[in-house]
Amino acid sequence: MSPVPISQINTGHIDDVQELRKAKPTLIPERFVRDATERPTLQSANRFPTTCVVLDHDSYDVPIIDLSKLMKVDEDEGSWRAEILKLKRACQDWGFFQVVNHGIDLSLVEGIEEVAKEFFMLPLEEKQRYPMVAGTVQGYGQAFVFSEDQKLDWCNMFALGVEPQFIRNPKLWPKNPPKFSGTVEDYSREVRKLCQNLLNSIAITLGLKEGTFNEMFGVGVQAIRMNYYPPCSRPDLVLGLSPHSDGSALTVLQQGKGSSVGLQILKETKWVSVQPVPNALVINIGDTLEVLTNGKYKSVEHRAVTHKEKDRLSIVTFYAPSYEVEIGPLPEMVDEINNPCTYRRYNHGEYSKHYVTSKLQGKKTLDFAKIIN
Ligand code: OGA
Ligand code: NI
């Protein structure tokens, strides 16, 4: 989470989208209007000249994984095996899945949503007591903005480093709503266990020892980001969140109850909407797992779009290895003839720094690790 020197960054004026929406509901400042090739409802995008369409079709729904089946190997081996296979396909073919029966208490799932919503509904001056300084990624504001001419996302963010303790900036933990910090703590503890359980199962799907990732990661780095997308009078012109892959190993995303559909993932050449499933959490593979698996499991590009009348809240947890861990394709994932090594070795802290000091631009940040022949 190391910032780039602030003196080098001139982001220009960044409108707070909630305030903008309140004051001038139909105004879309130029900085939010995407170039024609990036607009969300376009039938084609520059990268995929004729085929980039948005699909809302049922048959394109991301897989649903039942964690309770993954946790019960001794009781029902048949259903465990079937679920492991499903997980393997989800990681390989989608890079995204939704997890049900994840074991996180409904009261916590609802609680985090409630405090997040309450926080975003506070007066601007109060939220600005926790400012996200340009070039950093913690606090309230817009992350990943590094220049005056960069297009802005139709989104307000509030982000906190959670674990290990030394990444926390206590000044940024809100006192209001009163339950905010405690709820983030409790929720994060549970999500951390979920990540570790999923990493165990993912290791198994790769034919690795169950504890491979968790042992390697040490005390994993965990951060939380709450994204609030106000309605937008011209959802066809803006993006809620620019296309990107996550720098994490795993990401856990909770879509607010009653929120509009907004998360889209790039499946081959098509943007597919992730339909919210009640009480399910959306999981995706981050760049770190892509490297560790030598590209067998890919971090998939995704973005958020906005809605004309409805707002949307998402609560996102990023789980990654400890900063000092060296990352590179696991030897078991490399075969010089059929599956040559395509990523170099690097220190995860360096990658993390590179990620947070680059603008969100598809999977470009991962070039850092690619071996280009
Ligand atoms: C993210 C992200 C998508 C969403 O925060 O990394 O991809 O739907 N969010 O908010
Ligand atoms: Ni993301």
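Helices (H or I, at least four residues) and strands (E, at least two) are DSSP runs, numbered from the N terminus. By that scheme, Pro177 falls in the loop between β5 and α6. This is a predicted model, where local features need pLDDT of at least 70, side-chain atom pairs count only at pLDDT 80 or more, and totals for chains, interfaces and linings use all residues. Residues are numbered from 1 along each chain as its sequence is written, chains are lettered from A and ligands numbered from 1 in the order in which they are written, and side-chain values use heavy atoms, with hydrogens and water left out.

**Ligand 1 and its shell**

- The shell around ligand 1 holds 13 residues, and the closest are Arg225, Tyr229, His302, Arg312 and Ser314. A residue counts as near if one of its heavy atoms lies within 4 Å.
- The shell has 6 nonpolar, 4 polar and 3 charged residues. Here Ala, Val, Leu, Ile, Met, Phe, Trp, Tyr, Cys and Pro count as nonpolar, Asp, Glu, Lys and Arg as charged, and the others, Gly among them, as polar.
- Three strands each supply at least two shell residues: β6 (221-229), β7 (241-244) and β13 (312-320).
- Strand β13 gives the most, with 4 residues.

**Polar contacts of ligand 1**

- A polar contact is a pair of N or O atoms within 3.5 Å.
- Tyr229 has a polar side-chain atom 2.6 Å from an oxygen atom of ligand 1.
- For Arg225, a polar side-chain atom lies 3.0 Å from a ligand 1 oxygen atom.
- An N or O atom in the Asn227 side chain is 3.1 Å from an oxygen atom of ligand 1.
- On its own, ligand 1 has 290 Å² of accessible area, and the protein covers 99% of it. Accessible areas come from the Shrake-Rupley method with a 1.4 Å probe.

**The nickel ion**

- His244 (NE2), Asp246 (OD) and His302 (NE2) coordinate the nickel ion (ligand 2) at 2.1 to 2.2 Å. Donors are N, O and S atoms within 2.8 Å of the metal (3.2 Å for Na, K and Ca); water is not among the atoms, so sites may look incomplete.
- The donor residues are spaced H-x1-D-x55-H in sequence.
- Asp246, in the loop between β7 and β8 (250-255), and His302, in strand β12 (residues 302-304), are 56 residues apart, so this pair links distant parts of the chain.

**Backbone details**

- The peptide bond from Glu163 to Pro164 is cis, with omega near -10°. Pro164 is in the loop between β5 (156-163) and α6 (180-205).
- The bond from Asn176 to Pro177 is also cis, with omega near 0°.
- Asn101 is not glycine, yet its phi is positive, near 50°. Asn101 sits in the loop between β3 (96-100) and α4 (106-120).

Technical notes:
Polar contact = N/O pair within 3.5 Å; in protein donor to acceptor, adjacent residues only side chain to side chain.
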